[in-house]
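Here is a quick tour of one model, written for someone who would rather look than read. Keep the viewer open and follow along.

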Protein chains: 2
Amino acid sequence: MPASSPLYAYIHGQFTPLDQAFLHVSDLAILRGYGVFDFFKVHAREPLFLDAYLDRFYRSAQLLELTVPLERPALAGVIEELIQRNNLPLSGIKMVLTGGYSANGYEPGKPNLLLTQQPLALPTPEQVAKGIKLIIHDFLRELPSAKTINYATGIRLLKQMKAQGADDVLYHHQGVVTEAPRANFFVVKHDNTVVTPAIDVLAGITRHNLLTLSAPPARIIEGPVTLAEVYQAKEAFLTSTTKRVLPVVQIDDVVLGSGQPGPVTLAFLQALLELEAQQQR
Amino acid sequence: MPASSPLYAYIHGQFTPLDQAFLHVSDLAILRGYGVFDFFKVHAREPLFLDAYLDRFYRSAQLLELTVPLERPALAGVIEELIQRNNLPLSGIKMVLTGGYSANGYEPGKPNLLLTQQPLALPTPEQVAKGIKLIIHDFLRELPSAKTINYATGIRLLKQMKAQGADDVLYHHQGVVTEAPRANFFVVKHDNTVVTPAIDVLAGITRHNLLTLSAPPARIIEGPVTLAEVYQAKEAFLTSTTKRVLPVVQIDDVVLGSGQPGPVTLAFLQALLELEAQQQR
């Protein structure tokens with residue numbers, strides 16, 4: 001199937017051309033922002049770290065008291081068929097579970113499950129070599145342990161972010177750092193220990209993959225991180241499914257370390273790339 | 001047109017049977033919970049306090065940097081036509097403005113505006129005579145001044161609420177009371193002064209209508225309200241478009257005052273009913 005064929009989505013229990021994938025306006029995602037989702041990469045038709053993403057998706061659903069309408073083997077089968085139908089070289093699959101069609105506009109109905117797959121762009125070597133700039137914002141996510149669809153604060157900050165020439169946002173609450181809207185955050189301290197906030201953050205899969213490396217290039221731990229410590233850090237980076245390990249070189253007006261992506265960050269990126277490659281063998 | 005005719009919605013710039021009103025899954029409400037809404041009552045084909053609701057709808061849109069695709073007179077015209085087409089005796093109209101179809105799943109597109117109208121049930125005399133029970137929950141809304149679609153916390157609490165035999169939730173943050181998920185909150189103090197929280201609450205239209213009564217039945221002001229003060233109050237009540245003035249007689253295990261709806265609460269309900277009646281003359 002050539003890549004120019006129409007993409008398929010999975011919705012209402014069947015495969016449907018993506019441009020015909022609709023939800024009725026009584027859906028609780030539309031009326032009340034009620035839903036969870038997850039997102040994983042597919043390299044050469046192979047989903048990466050799929051078990052971890054499925055674990056998190058079912059866990060998020062449970063936290064919002066939503067039942068995924070497919071058991072796990074059936075959902076894995078849908079993912080497999082979607083990948084075969086769409087046949088994209090490098091892509092991301094998004095799974096969304098909404099509160100369903102609500103009878104009274106507030107109480108959940110039977111959850112709607114939808115899957116879409118789209119081509120994916122990963123950070124280029126140039127972006128990695130340059131690093132990115134963050135702005136800070138005081139905000140605590142409502143239910144940090146669940147991957148809910150609520151991104152109102154992050155999206156509202158897009159304009160301010162661009163106006164300040166920044167690439168992303170770093171959330172903190174009263175000076176204690178948590179995460180970025182769509183990524184986890186790490187600092188490299190002067191003794192080369194890498195620390196990522198443990199509390200009030202999303203359980204990122206890439207974050208977990210770095211924390212559990214069998215041979216990490218430096219000591220890497222979970223623990224509290226304050227803004228003051230961030231400003232003093234040698235290096236910092238974000239992790240996410242699409243960002244992988246992305247160096248952070250500036251926060252507001254503060255240049256971190258040398259202002260260049262540092263060796264510890266780049267070593268963890270290399271370790272992640274090797275881990276991803278192992279998944280595809 | 002008999003009431004059994006199919007209801008119309010307004011979506012994608014046209015009137016469509018409600019059961020055919022759909023949004024594509026790339027809409028930012030579905031993907032990121034990004035949108036605002038408002039809701040007003042229609043009595044005998046006459047919208048009540050429409051100017052105030054339109055003010056708030058456009059203000060909420062502005063706070064999320066979304067542009068309502070219709071100017072105000074055009075939107076009022078759509079509302080008028082929807083009311084004529086659906087011809088319901090007592091109803092509510094919901095206006096939703098979403099972040100639109102997003103090209104990359106995160107940045108807003110051209111906002112989607114949709115209007116639906118459905119029959120409405122107001123509190124019965126029996127419900128008013130009995131009063132309701134609340135449970136408390138520590139929570140601060142993300143953007144209290146905007147009427148966003150994000151109700152994740154309120155909806156997640158539905159099960160707990162029902163398990164405790166409660167009818168609604170009272171949000172507080174560290175003992176300072178704010179509001180209910182879909183209503184404002186008032187206490188009646190022992191000197192008969194009525195107080196409603198001023199900060200971190202939605203600018204309720206019913207709340208505003210009570211605060212600006214030309215001849216209020218008791219002194220009514222905005223100000224801080226603590227949980228300790230709530231437990232000591234003579235009376236308490238919720239206000240909203242659908243709840244009007246609804247007596248609160250119990251919070252968790254604490255019975256308020258006599259445990260019956262009190263005279264000050266019922267006097268404000270009467271004042272609101274008169275104000276509503278004036279709107280229809």
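## A buried threonine

A:Thr239 is buried in this predicted model, with a relative accessible area of 1%; buried means under 20%, exposed over 50% and partly exposed in between, using a 1.4 Å probe and protein chains only. You'll find A:Thr239 in strand E15 of chain A, residues 235–240. Strands here are DSSP runs of E with at least two residues, helices are runs of H or I with at least four, and both are numbered from the N terminus.

Who are its neighbours? Leaving out residues up to four places away in sequence, A:Thr239 touches A:Ala183, A:Asn184, A:Phe186, A:Thr206, A:Arg207, A:Leu210, A:Arg244 and A:Val245 (contact means heavy atoms within 4.5 Å).

## A partly exposed alanine

A:Ala52 counts as partly exposed, at 26% relative accessibility. A:Ala52 sits in helix H2 of chain A, which covers residues 50–63. Along the chain, A:Ala52 and A:Gly204 are 152 residues apart, and their C-alpha atoms are separated by 9.6 Å.

## The sheet in chain B

Over in chain B, six strands make an open, antiparallel sheet in the order E2-E1-E7-E6-E4-E5; two strands pair if DSSP finds at least two bridges between them. At the edges are strand E2 (14–17) and strand E5 (46–47) of chain B, each pairing on one side only. Strand E6 (residues 90–98) and strand E7 (residues 113–119) of chain B run antiparallel and are joined by seven bridges. B:Val96 stands opposite B:Leu114 in E7 of chain B.

Two helices of chain B pack on this sheet. Helix H2 (residues 50–63) touches strand E4 (35–43), E5, E6 and E7, and its direction makes about 175° with that of E4. Helix H3 (residues 72–86) touches strand E1 (8–11), E2, E4, E5, E6 and E7, at about 35° to the direction of E7. Axes are lines fitted to C-alpha atoms, for helices over the stretch in contact, and angles run from 0 to 180 degrees between N-to-C directions.

## How the two copies relate

## Conventions

Residues are numbered from 1 along each chain as its sequence is written, while chains are lettered from A and ligands numbered from 1 in the order in which they are written. In this predicted model, local features need pLDDT of at least 70 and side-chain atom pairs count only at pLDDT 80 or more, while totals for chains, interfaces and linings use all residues; side-chain values use heavy atoms, leaving out hydrogens and water.
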